[in-house]
Amino acid sequence: TLPDVSKWSDDIKNSFYLGSGHFMAQSIIMMPPIIIGYFFSESDVGFYSVAFKLILVVMLADKMISTLLLANLSKLWTERPEDVPEQLRIVARWMIFFGSVGSIGLYFISPLVIPFLFGEGYNSSITMLKILCFFLPLTFLNSVYSYGLISFGKDRLYMKSTLIGGSSAIV
């Protein structure tokens, strides 16, 4: 028997929106080293890279929570959609809390952790890490709403929001 291709166009369209949104989200991550390398020196890219690696470690908690959130929100959306707004508010508060704790903690231990992990030659990364720390709570909050849009089937809105966010971050 032949596969049913009647639903493929919707799947391809939704995949395009999700893929485009994911592309923009990744460009936000990949663009700063390119821009720093263009306008500054290669060593500045290295200092940024060290700082950003430590941010990514804290963001692992964000990704773990968001992965669990996506499944739970999808289930809640199908079973009790009226409960979703309150659940999103609760999760958003917790994500801001966890992002703030990670940000504050990383901010204050950065003078200790960078020389310990990477050596004294990367002390210039401390300032960059302290600046990047301020974006952690926003990143945690963004994950709630991004995964929320995906779990509610709002793929096109997800693509538009990451396109706007990515474009503004690049500019």
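Analyst: In this predicted model, helix 2 and helix 5 are roughly parallel to each other, because their packing angle is about 25° (under 35 degrees counts as roughly parallel, over 145 as roughly antiparallel, 65 to 115 as roughly perpendicular, and the rest as oblique). Their axes lie 9 Å apart (lines fitted to C-alpha atoms, for helices over the stretch in contact, with angles from 0 to 180 degrees between N-to-C directions).

Residues are numbered from 1 along each chain as its sequence is written. Local features need pLDDT of at least 70 and side-chain atom pairs count only at pLDDT 80 or more, while totals for chains, interfaces and linings use all residues; side-chain values use heavy atoms, without hydrogens or water.

On the side of helix 2, the contact (heavy atoms within 4.5 Å) includes Ile55, Val58, Met59, Asp62, Lys63 and Trp77. Helix 5 contributes, among others, Leu136, Thr139, Phe140, Tyr147 and Gly148. By class, the residues of this contact divide into 13 nonpolar, six polar and two charged (Ala, Val, Leu, Ile, Met, Phe, Trp, Tyr, Cys and Pro are nonpolar; Asp, Glu, Lys and Arg are charged; the others, Gly among them, are polar).

Two residues of this contact, Met59 of helix 2 and Thr139 of helix 5, are also among the residues closest to the centre of the largest pocket, together with Ala25, Ile28 and Ile29. That pocket holds about 1,200 Å³ of space and is lined by 34 residues. Helix 2 (42–79) and helix 5 (136–151) each supply at least two residues of the lining, as do helix 1 (8–39), helix 4 and helix 6 (155–170). The largest share, nine residues, comes from helix 1. The lining divides into 24 nonpolar, nine polar and one charged residues. A pocket is an open set of points on a 1 Å grid over the protein atoms alone where a 1.4 Å probe fits, with protein on both sides within 12 Å along at least five of seven lines; lining residues have an atom within 4 Å of a point. Its volume is the space filled by probe spheres set on the points, which are joined across faces, edges and corners.

The protein as a whole has six helices and zero strands (DSSP runs numbered from the N terminus: H or I of at least four residues, and E of at least two).
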